[in-house]
Each structure stands twice: as structure tokens, then as C-alpha cells.
Amino acid sequence: MTQRRRYLTTPIYYPSGEPHIGHAYTTILADALARFDRQNGVDVFFLTGTDEHGQKMQDEAARRGMAPMDLCDLMSAKFVAAWERLGISHDRFIRTTEPQHKDVVQAFLTRLWDRGEIYEGKYTGWYCVHEERYWTEKDLGPNQTCPDCKRPVEYVEEKNYFFRMGRLQQSLVKHIESNPDWIVPAVRRNEVLGFLRQPLGDLSISRPISRLSWGIPLPFDPEHVAYVWVDALVNYLTASGAIDPHAPVGRQGFEDVTGSRWPADLHVMGKDILTTHAVYWPTLLMGVGLPLPRQIFAHGWWVVGEAKMSKSLGNVIDPLALREQFGTDAVRWFLLREMPTGSDASYTPDRFLARYDELANVLGNLASRLIAMIDKYRGGVVPAGRATHLDARIAEAFASVRTAMAGYHVHEALAAAMELARDANGWVESRQPWAQAKSPATATDLDETLATLARTLVALAALFQPVAPAKMADLCSRLGLERVPTLAEAETLGLAGQTVRKDAPLFPRVEAAET
Ligand code: ME8
């Protein structure tokens with residue numbers, strides 16, 4: 001049987017500022033999907049990285065009096081470090097300033113050029129430097145401002161190269177209509193279809209170096225650099241290994257992607273960049289004749305009040321500061337449990353604490369009390385015991401988690417896992433193992449209680465592993481296991497005969513964490 005493979009991506013972030021919880025959310029979400037898949041035996045390739053060209057980086061470097069490349073090195077390293085601290089298990093971190101990427105972008109543009117998909121034209125109209133976007137008169141906000149970032153726009157007149165995107169409009173609409181799950185959730189798919197009801201223009205894919213020099217030169221006109229979005233989107237292809245830009249034209253991989261990771265199985269992103277991924281990217285791929293990514297998933301925003309949390313609005317939360325106080329897995333848990341994948345959510349310190357308490361008081365507490373009871377009543381060795389009503393709940397939780405994860409409803413999967421932990425705590429109360437321990441007549445009942453709870457805890461370790469990998473590895477080591485079992489293993493694994501180890505609480509009380 002061939003092993004299932006999956007190529008999963010996050011956006012590549014602009015390293016013009018520090019990573020914030022918006023970036024952390026997408027990356028942790030993709031990481032949880034990657035870990036869940038790996039746990040199910042899938043051969044995962046998980047890509048993230050930084051988007052280092054363009055006006056934003058050029059301007060930020062100038063503001064700091066630095067060379068753009070030095071700024072890229074400095075800031076990209078901050079993303080690498082943040083992902084390490086947040087337990088991200090990516091297989092590749094791509095930077096668009098890598099020579100390999102530059103060569104793939106140029107090969108991509110050459111291919112478009114050779115196929116007649118690009119023409120030279122002139123752009124006259126409004127341009128927002130911050131968003132790096134052209135706008136039409138009717139798009140503009142009051143006093144000629146950018147509809148997205150509200151900054152003043154500039155009137156420009158310049159030579160530009162255009163990609164014939166407009167003529168691919170109907171093929172794209174057909175693709176979206178005949179593949180209902182290509183863009184999820186459905187609300188986002190409908191937004192894209194709504195956008196595509198208007199005529200789709202051609203896409204400007206270049207910027208004159210007189211205005212912007214920090215970019216990849218067009219292979220057919222070195223006076224222009226590639227538009228940063230074209231450069232950025234191609235990263236997914238570079239990292240897939242499908243294109244060998246150094247091979248002769250015709251044998252670079254555009255005709256046949258066999259053996260590479262292309263097409264990507266899933267592009268994960270926020271809803272702010274859905275159009276670039278669901279319209280520009282697929283049409284560009286049609287333009288070069290490559291297969292389209294298999295699925296696009298756009299999640300909602302972390303908001304503060306009514307506003308999106310963003311660097312330019314200055315209202316961002318630092319995930320690393322939260323991590324210092326509560327630990328990596330608590331940050332991961334909060335972000336994934338709190339935001340219903342697809343809608344917006346807001347961060348407040350109270351919500352964070354409420355979610356942390358769930359971890360500590362429900363899951364952490366179950367682990368502590370069970371290990372303490374096995375230690376006290378059975379000398380630290382897990383007894384054997386028959387299946388009980390709680391085993392049926394384990395099976396139900398597994399089924400709910402699998403269904404929820406398949407639809408990327410990660411918050412629901414985590415809610416189902418936490419519900420199992422809650423039920424297990426309730427079951428402890430109803431079985432009263434401390435009373436069962438009092439008489440030899442109920443010794444078998446006590447074995448049954450402890451054995452069932454041990455099975456539940458192993459199941460919980462497997463279910464929580466994608467969100468809390470370090471803590472679940474710790475829990476499993478306390479249960480005498482070398483690693484967190486896979487879902488399939490956890491379904492059948494009994495712990496009978498295993499020696500458990502008492503230790504400090506998995507999730508310390510917040511007061512304790514603060515001191
Ligand atoms: O757009 N809530 O980079 P970027 C949720 N370089 N997610 C958020 C968020 C928020 N408030 N703020 C940011 C770019 N994000 C391009 C991408 S891809 C080929 C090029 C997350 O640094 C979310 O995933 O502005 C969003 O789509 C992404 O960061 C934007 O990151």
C-alpha cells in the first residue's frame with residue numbers, strides 16, 4: 001500500500017515586524033493539522049516561511065537605515081525562533097530571498113512569457129504603497145484613501161507587465177463550482193464566487209525598479225521587478241521541488257510534476273489573503289499549465305473590539321510573552337480552542353485564563369488524581385480491568401475528533417476531547433475509588449476503575465497531542481510510555497502492568513506560574 005502524502009502550507013509572513021498572535025494562530029493551526037495527520041501515518045510535508053521582498057521591506061529597511069537583506073536576516077530569524085518556541089514542526093522554512101526561489105520565480109515568469117500570457121502595458125491610476133495594490137477610483141475611501149489600510153493613495157502612471165488573468169475567469173469559476181470543497185469554509189467560497197461575478201481584469205505583475213528595487217528582476221526586462229504577490233505565491237511551488245530552474249526550458253518540470261510534492265494538498269491562511277490565493281494563484285498556475293492546489297482553507301481574524309489585530313494598527317498581542325507566563329502548549333490550546341475555525345475571535349486576558357483553567361482543572365487534574373491513586377492503591381502499577389461505560393465514551397470521542405478534524409473544525413475536536421476528560425472526572429466521582437479501596441470485597445471494582453481511567457488518559461494524550469505535544473509527551477512518560485501513541489494505537493492500548501510516576505502538576509496553577 002502506498003503511504004498517504006500531504007503537502008500543507010501556511011502563508012509566508014512579511015518579516016517587517018515581529019510575529020504576533022495572528023501569525024502564531026495560522027501556524028499553530030497548520031501545525032496541529034500536520035501533527036494529527038502524522039499521528040495517522042500520513043507522510044506530511046509542512047511548509048512555512050517569510051515573504052521578504054517588496055515595498056514594505058524596502059521602506060522598513062530605509063526607516064531603520066539598514067540594507068534590506070540585513071533586515072530580512074534579522075527579522076526572518078525572529079520567525080524561526082518564535083516557531084521553535086511555539087512547538088511548530090514544519091519540514092521546511094522558505095525565504096523568498098533564497099537563490100533557488102529567485103530562480104524558480106524567473107523560470108515561472110519565463111514560462112508565462114513564452115506562452116504569451118504576459119503583455120506590456122501602461123498603468124495609470126491609484127496605488128497604495130503600504131498594501132502594494134493598485135485601486136480603481138471607485139474602490140477608494142474618503143479623501144482618496146486605500147479601502148484596506150485607510151492610508152492616502154498615490155496617482156501613478158507607469159509601464160507595467162500584465163498577466164492575462166481575465167481570460168481565465170470562466171475556467172476558474174467552473175473549477176470552483178465543480179469542486180465545492182476547494183475553498184472552505186463555504187462562506188469564503190461564496191465570497192470568492194461573488195467577487196468573480198464582476199469582470200476579472202488582468203493582473204499587473206511588475207513594478208519599475210525606479211520605484212521599487214527590492215525584488216526579483218523580470219527575466220525579460222531587468223528594469224522591472226516581479227510584483228511581490230507573484231514572487232510570494234510561487235514559494236509553494238519552489239518548496240515542492242517540482243521545478244528545476246536550471247534544466248533546459250521544456251524539461252524544468254512544468255509539463256510533469258510526478259515525483260514532486262506539487263500540487264499542494266492544503267493552503268491555510270487568513271481570510272485577508274483569500275483573493276490572492278483563490279484567484280491570482282490558480283490562474284497563474286493555469287497560465288503555466290500546472291495543476292491547482294487541492295484545497296484552500298481561510299480562517300477568521302483575531303480582533304480587538306471591532307478591528308482586526310494587525311501590526312499597522314498597533315494592537316497586537318505577543319504570543320511569546322504569553323508563552324513565558326503559561327507555557328507553549330497553553331498558548332496553543334487557547335488559540336485553537338477559542339477560535340471557531342472560520343469565524344473571528346477576540347483575545348482577552350479573562351478568556352485566556354478561563355481556557356487555561358480548563359486545561360489545569362479538567363485534564364491536568366484527571367492526570368494527577370489518577371496517577372496518585374494508582375500509586376497509592378496499587379503501588380504505582382496499572383491494574384488490568386474490564387471495559388466499562390467510559391470505554392464507549394472514548395470510542396465516541398475518537399469518532400467526533402476524527403470527523404471534526406476532517407472538516408478543519410479544530411475547536412470542535414478539542415471540545416470533544418475536553419468533554420471526554422470532563423466525563424472521566426465525573427466518572428471518578430460516581431465510582432468513588434477511595435471507597436472501593438477500603439474493602440477487599442471491592443478490589444476488582446477498584447481495578448476496573450483504575451484500568452478504565454488509565455485507558456482514558458492514554459486516549460486523551462493521543463487526542464491532545466496535536467495541540468499540546470510537549471505536555472502530552474510528558475504525560476505519556478509519566479504513564480511509562482516512550483512516546484505518545486498514535487490514534488489507532490491509543491484506541492486499543494491498555495496500560496495494564498505499566499509503572500506510573502507521580503510528578504508536579506502538568507499545568508501548574510496560574511498563581512504558581514506567575515511566581
Ligand atoms: O499577507 N488574525 O503576510 P502577513 C488571524 N506575506 N490571522 C492573522 C491576523 C489576525 N489578526 N493577522 C495576520 C502576507 N494573520 C503575505 C502572505 S503568502 C504567499 C504571502 C495571519 O505577514 C493570517 O494567516 O501580512 C494572515 O493571512 C497572514 O497572517 C498575513 O500575514
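In this predicted model, the residues of helix α11 that count as buried are T328, D329, A330, V331, R332, W333, F334, L335, L336, R337 and E338. Helix α11 spans residues 328–338, and eleven of its eleven residues are buried, so the rest of the structure largely encloses it.

Strand β1 (residues 5–13) runs parallel to β2, and seven bridges join the two. Within this pairing, I12 stands opposite G49 of β2. To get from β1 to β2, the chain passes through helix α1 (residues 21–39), making a right-handed β-α-β crossover. Strand β2 is also joined to β3 (residues 92–95), again in parallel, by four bridges. Here L47 has R92 of β3 as its bridge partner.

The view can now widen to the nonpolar interior. In soluble globular proteins, nonpolar side chains tend to be buried together. The largest nonpolar core of this model holds 98 residues, and W302 and M472 are the members that touch the most others. Two domains contribute to this core, with at least three residues coming from each of domain 1 (5–317) and domain 2 (349–514). Another core, of 61 residues, lies apart from it and includes F45, V192, I205 and Y227.

Conventions. Residues are numbered from 1 along each chain as its sequence is written. This is a predicted model: local features need pLDDT of at least 70, side-chain atom pairs count only at pLDDT 80 or more; totals for chains, interfaces and linings use all residues. Side-chain values use heavy atoms; hydrogens and water are left out. A nonpolar core is a set of buried Ala, Val, Leu, Ile, Met, Phe, Trp, Tyr and Cys residues joined through side-chain atoms within 4.5 Å. Buried means under 20% relative accessible area, exposed over 50%, partly exposed in between (1.4 Å probe, protein chains only). Domain bounds come from an automatic or database domain assignment. Two strands pair if DSSP finds at least two bridges between them. A crossover is right-handed if, with the strands pointing away from the viewer, the path from the first strand over the helix to the second runs clockwise.
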